[in-house]
Structure formats: structure tokens, C-alpha cells
Amino acid sequence: MYMQSSSGETPVSDAGLSAAWSRVAAFASAVDADLDRWLADAYRVGLTEFRALALLGQATDKELRVNDLAQRVGLSQSSVTRLVSRLEAKGLARRDLCPDDGRGVYAVLSGEGETLLREVREPYERRVRELLSQASGHFPHLDLGQLGLALGAVRALVAD
């Protein structure tokens, strides 16, 4: 079976789509692993911690329900509970109870967390740009020509 996009791009078989997605996922994993190491070495936070802090920093009142944070970061409830505990231990966030029902728990960005976000944001953006623009040097084990084709196949389906 072939999938044809409305943009007239070359159709991709189901097996080809699976291979394309595997290439995209492998690249994303390699970039994430590099960012995680870089953040840990330079700023003593992991990538998931940084993403959680960034989400809290973008939220109204610098807080999110822990359930919402879990969904946005892509973690289970138990994993995000451990994540918030790590952020608390580092002084980057705190927990607060929902005033409406007393059962909901919020993760709240602390002043130290805001300071860290301001410090890390620009170097992080530069690091991401470097990893993507110089991918062949950073990830020589990946076939970037095939990755480009894979990204095109996925884009064609997402754009439909």
C-alpha cells in the first residue's frame, strides 16, 4: 500500500514510512542525548528538567498542574513526580496545592529556576542550531542523506 500526499510528493510505502520514522526518531534521540549531556555538564540539569523549566517559564503565573506538565513533557505521572522532586531538590521549582480543590498539585518555577532559564536559553538555542546545522560532524554514524528523505516523507504526511 502506498500513501500519496496531496502535494504530489513521491508516494511512500508503509514499510518505507516505518523506516523513515525510525531514521527521524534516531536523529531526534541523538540530538536529545547530546543536549542532555551538554546541559548536565554545563548547567547541572538534564534535558527533561530544562524542558520542564521552560514550560513552567512560559505558563501563566509560572506554574502548571503536575498532570499538565507530565503531558507536555511526555512523561508518566510517576516520572513527572520524580522530575518535580529533582527540580525541588535543586531549588529550581516548588510544589503548591491547588486552592480550588486542595487535591491538585502545581509545579511552580522558583526565582532560581527563572534565573537558570535566562542563563541557559541563548546558549541552548545556539547549541541546538549547531547540532542541526553541523549534524554530519556531530552524528557521523547517521546517514543524513537518508534522514533528509525521511523528514520529507514524514512532512508530506503531516502536511496532508
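The model is predicted: local features need pLDDT of at least 70, side-chain atom pairs count only at pLDDT 80 or more, and totals for chains, interfaces and linings use all residues. Residues are numbered from 1 along each chain as its sequence is written, and side-chain values use heavy atoms, with hydrogens and water left out.

**Aromatic pairs**

- The structure contains 3 aromatic pairs (ring centres of Phe, Tyr or Trp, the last by its six-membered ring, within 6.5 Å; planes under 30 degrees apart are stacked, over 60 edge-to-face, the rest tilted).
- Phe27 and Phe139 form an edge-to-face pair, because their ring centres are 5.9 Å apart and their planes stand at 85°.
- Phe27 belongs to helix α1 (residues 14-43) and Phe139 to the loop between α6 (135-138) and α7 (144-159), so this pair ties together parts 112 residues apart in sequence (helices, H or I, of at least four residues and strands, E, of at least two are DSSP runs, numbered from the N terminus).
- Both Phe27 and Phe139 are buried (under 20% relative accessible area; exposed is over 50%, partly exposed in between; 1.4 Å probe, protein chains only).
- Trp38 and Tyr43 also pair edge-to-face, at 5.6 Å centre to centre and 70° between the planes.
- Tyr43 is buried, with a relative accessible area of 18%.

**Helix α3**

- In helix α3 (residues 66-73), the buried residues are Val66, Leu69, Ala70 and Val73.
- These residues cover an arc of only 105° around the axis, so they lie on the same side of α3 (the arc is taken from the directions from the helix axis to the C-beta atoms).
- The buried residues of α3 pack against α2 (47-58), β3 (63-65), α4 (77-89) and β5 (105-109) (contact means heavy atoms within 4.5 Å).
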